[in-house]
Amino acid sequence: MNEMISGVGEPVVTDATKGGGSNAARIAEVKAWLAAQFDAAGKEVPDFEYTPRSIAHLYNLATVSQAKTQAANIVANDFRQKAAEYRSQAARIREILENVGLAQESLPSNVVASAQILANVANLLNIRDTELSSFLVAMGDISLRKTGVDEKRAKVHKESKTLLEYTRKAIARLTYLKRTLAQLEDDVAPCDAQMENWKTNLGVMASKERQYMQQYNNYKALLNRVGYTPEINHGVLVEMAEHRKDLEKKTKPILDTLRSYQDLPPDKALAALAIEDKKRQYAAAEKYLEDVLQSALATSD
């Protein structure tokens, strides 16, 4: 019955399952197998409906169970034969030991205990005899396995230390993040108030922007009406003013001369008289200046 349970989930496709045998033959074979399994367990076969699906599944189970039972019987027979050979060999060895006076009953208790311990160690090491070479080989194998286990343990220990270090760093990072989160949560209220203030200021700035844009458009329209073009800028006006000053400096002597000409009378005769009058005034001024200088010199003497 255990073989039937262990075979569930391992369907075997055989020639019979492909249609090599009739359904009646399959049902009969399945019934016989079920009866044998339940009889071995001391139970009766339960009543259930034999459908094509259940027959196919039970037939696969029966095939697997029979194959495993046959293999188990072969292994069991081999073990029985080996056990009989070992018993025969043990009886022969016992007879030899009794003939030479080394029977178990005639040996001291400590010898019997030592032999029992030796046999137990041999069984533990899974060796077939108790020769020294066999023990050395087994112990060498155990030593190699122990070395491998030590290496694996050292590797696992190193990995554990690495993971522990990562864990410590992760815990420290988590603590830092929690502290940062708490600080950020504390800063939420002030930041919200500042955001509200910025929103208010942004609304005011947007209103100012609209006002300034309206003024800019008004100024632009005004400049367009007066004929202002982008080519007339502050730098150009400064250069023109400097050029105007240079022209005024150059033309001032000419303008003064022309203005002096405007003071002359329009008639030529009158102009000649005016010139003569100016000459007399000039000569009188020179004479007055000379007299002033002469008097100044005389006073100094």
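Helices (H or I, at least four residues) and strands (E, at least two) are taken here as DSSP runs, numbered from the N terminus. S65 lies in one such run, helix α4.

The model is predicted, so local features need pLDDT of at least 70 and side-chain atom pairs count only at pLDDT 80 or more, while totals for chains, interfaces and linings use all residues. Residues are numbered from 1 along each chain as its sequence is written, and side-chain values use heavy atoms, with hydrogens and water left out.

## Fold and burial

The protein has nine helices and zero strands. Read from the N terminus, the order of elements is α-α-α-α-α-α-α-α-α. Of the 301 residues in the protein, 9% are buried. Buried means under 20% relative accessible area, exposed means over 50%, and partly exposed lies in between (1.4 Å probe, protein chains only).

## Helix α4

Helix α4 covers residues 52–99. Is S65 buried or exposed? S65 counts as buried because its relative accessibility is 1%. Its side chain makes a polar contact with the side chain of W33, at 3.5 Å. A polar contact is a pair of N or O atoms within 3.5 Å; within protein, one must be able to donate a hydrogen and the other to accept it, and residues adjacent in sequence count only if both atoms are side-chain atoms.

I93 is also found in helix α4. I93 counts as partly exposed because its relative accessibility is 43%. I93, I96, L97, V100 and L102 form a nonpolar surface patch. Together they have about 440 Å² of accessible area. Such areas come from the Shrake-Rupley method with a 1.4 Å probe; for residues, only the protein chains shown count as cover. Patches are made of residues with over 30% relative accessible area and no salt bridge; like charges are joined within 9 Å, nonpolar side chains (Val, Leu, Ile, Met, Phe, Trp, Tyr) within 5 Å.

## Salt bridges

How many salt bridges does the structure hold? There are four. The criterion is a side-chain nitrogen of Lys or Arg within 4 Å of a carboxyl oxygen of Asp or Glu.

| Pair | Closest N and O atoms |
|---|---|
| D78 and K82 | 3.5 Å |
| D150 and K146 | 3.2 Å |
| R153 and D150 | 2.9 Å |

D78 and K82 both lie in helix α4, four residues apart, about one turn of the helix. D78 is partly exposed at 32% relative accessibility. K82 is partly exposed at 36%.

D150 and K146 both lie in helix α6 (residues 132–186). R153 and D150 are three residues apart in helix α6, so about one helical turn separates them. K146, D150 and R153 are linked in a network of salt bridges. D150 is partly exposed at 26% relative accessibility. K146 is exposed, with a relative accessible area of 53%. R153 is exposed too, at 54%.

## Rings

R26 lies over the face of Y59, at 5.4 Å from the ring centre. A charge sits over a ring if NZ of Lys or CZ of Arg is within 6 Å of the ring centre and within 35 degrees of the ring normal.

How many aromatic pairs does a search of the whole structure find? The search finds zero. Rings of Phe, Tyr and Trp (its six-membered ring) pair if their centres lie within 6.5 Å; planes under 30 degrees apart count as stacked, over 60 as edge-to-face and the rest as tilted.
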